[in-house]
Amino acid sequence: MKSFFKEFKEFITKGNMMAMAVGVIIGGAFKAIIDSLVADVFGPIIGIFLGGTDFSQLSFGVGGAQIMIGNFIQAIISFLITALVVFILMKQYNRMQKPEEEADPEPSDEVKLLTEIRDSLKK
């Protein structure tokens, strides 16, 4: 049981766990920005195309229930914008992680010698 807790402690204190915690916190703040962008910028613009209605209040009734379709559409737009930004960030991250292709390095002395031997054997 002690080894379990020791492994758990190592897991929590590793850099990856801390990076993930920072990512979750920044992600929460980023979500607030995206939600505001959708509700305060895109919502009114889409509302103009819907005849000036408040997009967030767009709804219809079925029986006694009120279906808030505007909130659902806002959630979809928020998801798509968030997914697009994450895609762009990951694409840039992956590009930075790729080692740049280097020109062929100068062959070592052994390779040069073996190449000379091969060429002389071909003659």
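This report describes selected helices, contacts, salt bridges and surface features of the structure.

The model is predicted, so local features need pLDDT of at least 70, side-chain atom pairs count only at pLDDT 80 or more, and totals for chains, interfaces and linings use all residues. Residues are numbered from 1 along each chain as its sequence is written, and side-chain values use heavy atoms, with hydrogens and water left out.

**Helix α3 and Ser 78**

Helix α3 covers residues 69–97; helices are DSSP runs of H or I with at least four residues, numbered from the N terminus. Its 29 residues reach 42 Å from the first C-alpha to the last, close to the expected 42 Å at 1.5 Å a residue, where the expected span is 1.5 Å times one less than the number of residues. Gly 70, Gln 74, Ile 77, Ser 78 and Ile 81 are buried in α3. Buried means under 20% relative accessible area, exposed over 50%, and partly exposed in between, with a 1.4 Å probe and protein chains only. Ser 78 has a relative accessibility of 9%. Leaving aside residues up to four places away in sequence, Ser 78 touches Ile 34, Asp 35 and Val 38 (contact: heavy atoms within 4.5 Å).

**Salt bridges**

The structure holds 3 salt bridges, each defined as a side-chain nitrogen of Lys or Arg within 4 Å of a carboxyl oxygen of Asp or Glu.

| Salt bridge | N to O distance |
|---|---|
| Asp 35 – Lys 31 | 2.6 Å |
| Lys 112 – Glu 106 | 3.4 Å |
| Arg 118 – Asp 119 | 3.2 Å |

Asp 35 and Lys 31 are 4 residues apart in helix α2 and are therefore separated by about one helical turn. Asp 35 is partly exposed at 29% relative accessibility. Lys 112 is partly exposed at 35%, whereas Glu 106 is exposed at 64%. Arg 118 is partly exposed at 44%, as is Asp 119 at 33%.

**Nonpolar patch and aromatic pair**

Val 41, Phe 42, Ile 45 and Phe 49 form a nonpolar surface patch with about 390 Å² of accessible area together. Such a patch joins nonpolar side chains (Val, Leu, Ile, Met, Phe, Trp, Tyr) within 5 Å, from residues with over 30% relative accessible area and no salt bridge; areas come from the Shrake-Rupley method with a 1.4 Å probe. Phe 42 belongs to helix α2, residues 15–49, and is partly exposed at 32% relative accessibility.

The structure also holds 1 aromatic pair. Phe 4 and Phe 5 form this edge-to-face pair, 5.5 Å centre to centre with 75 degrees between the planes. Rings of Phe, Tyr and Trp (its six-membered ring) pair if their centres lie within 6.5 Å; planes under 30 degrees apart count as stacked, over 60 as edge-to-face and the rest as tilted. Phe 4 is exposed, with a relative accessible area of 52%.

Key
Helices (H or I, at least four residues) and strands (E, at least two) are DSSP runs, numbered from the N terminus. Patches are made of residues with over 30% relative accessible area and no salt bridge: like charges are joined within 9 Å, nonpolar side chains (Val, Leu, Ile, Met, Phe, Trp, Tyr) within 5 Å.
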